[in-house]
Amino acid sequence: MKAFDYTRAGALSDAVGSPAMLIAGGTNLLDLMKLEVATPDALLDINPIGLRDIAPEGAGLRIGALVSNADCAAHPRVRADWPLLSRAILAGASPQLRNKASMGGNLCQRTRCGYFMDGHSPCNKREPGSGCAAQGGINRNHAILGASDACIATYPGDMAVALAALRATVETEGPDGAREIAMRDFHRVPGDDPSRDNVLKPGEVITAIRLPAPVAGRQLYRKVRDRASYAFALVSVAAAIRVSGGQIEAAQLAFGSIAHKPWTDERIEKMLIGQAPSPALFDRAADLLLEEARGQGHNDFKILLARRTLAAVLAEATQDATGE
């Protein structure tokens, strides 16, 4: 690990605009530092600055950026009104990591692409312009949507997928002031600059996550992975579906581990609304989702897996209407 300077922030103002790399739980950053994938000259510990409250905000909820994943998942209001978020958090990592990881830090975690993590292979995300070893390499876990010639890595998290489905927003404070970013717009597709994972500006700090009013209906999170615990998803689906009078009245969907970011496609949501649930409808939804999907060889199976996972989630979410 490269030597670095370490200081502790006394207030949010110390962190905003700081040239140092911020550290909260450090559950991803420290791994990257040990591998010398991340080599910061200075770390600024933001744990002393607060941002640990979970508070009602109208019909919604405001979750401080330094609330731990475990505390958010266990919060009575989250479990009662946004169970999708609780389930997604509990599907990720281990209890020890969830106790340490922060909500804001979780959003900023980096890909687990093996070529990015090894520190030596060509990787445009780690070293712009060096190439992408995953293309033509071992790419079983890589993207089938939203990728580019520069990068086919996937965003690995669970929590952000649920937040995208729930249409949460991210509150930040930066040198230019405060702003709110729709969760669906927070992460970037790689394009020709995969080194940037999200839309945060230099010196900008996540201060909170805002959940809108609870979604009536059923909320589901399904994570398909190689083993039952402590494994990243091959495909995940977050869904909030409301059925009334035998028809889908509302649909909010997001997909994990198939793209560089939690993947959303509002065309699918609009297409489902007003329709009677049926296997044929779910097939059409999958057709729309995957119309531009492209495998890289080892990950071709993800296209069929995503189709089947979406169909299974929609069937479960609407089973009372379909009589199944």
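Helix H5 is largely enclosed by the rest of the structure, because 6 of its 8 residues are buried. Buried here means under 20% relative accessible area, exposed means over 50%, and partly exposed falls in between (1.4 Å probe, protein chains only). The buried residues of H5 are Pro-83, Leu-84, Leu-85, Ser-86, Ala-88 and Ile-89. The model is predicted: local features need pLDDT of at least 70, side-chain atom pairs count only at pLDDT 80 or more, and totals for chains, interfaces and linings use all residues. Residues are numbered from 1 along each chain as its sequence is written, and side-chain values use heavy atoms, with hydrogens and water left out. Helices (H or I, at least four residues) and strands (E, at least two) are DSSP runs, numbered from the N terminus.

Leu-85 of H5 also belongs to the largest nonpolar core. This core has 38 residues, and Leu-85, Leu-107, Leu-163, Met-183 and Leu-211 touch the most other members. A nonpolar core is a set of buried Ala, Val, Leu, Ile, Met, Phe, Trp, Tyr and Cys residues joined through side-chain atoms within 4.5 Å. At least two core residues each come from elements including strand E5 (60-64), H5, helix H7 (103-107) and strand E8 (205-211). Helix H9 supplies the largest share, 7 residues. Contacts of Leu-85, leaving aside neighbours within four places in sequence, are Ile-63, Cys-72, Val-78, Met-159, Ala-162, Leu-163, Leu-166 and Leu-211. Contact means heavy atoms within 4.5 Å. A second, separate core of 32 residues includes Leu-234, Ile-248, Ile-258 and Phe-282.

E10 (residues 235-244) pairs with E11 over 9 bridges; two strands count as paired if DSSP finds at least two bridges between them. Val-237 stands opposite Phe-255 in E11.

Strand E6 (residues 169-174) contains Thr-172. Thr-172 is buried, with a relative accessible area of 0%. Its side chain makes a polar contact of 2.6 Å with that of Glu-204. A polar contact is a pair of N or O atoms within 3.5 Å; within protein, one must be able to donate a hydrogen and the other to accept it, and residues adjacent in sequence count only if both atoms are side-chain atoms. E6 runs antiparallel to E7 (residues 177-182), joined by 6 bridges. The two strands form a hairpin with 2 residues between them. E6 is also antiparallel to E8, through 5 bridges. Val-170 stands opposite Ile-181 in E7, and its bridge partner in E8 is Ile-209.

The structure holds 0 disulfides, a disulfide being a pair of cysteine sulfur atoms within 2.5 Å. The sulfur of Cys-151 is 5.6 Å from the closest cysteine sulfur, in Cys-132, too far for a bond. Cys-151 is buried, at 5% relative accessible area. The sulfur of Cys-108 is 16 Å from its closest counterpart, in Cys-72, also too far for a bond. Cys-108 is partly exposed, at 29%.
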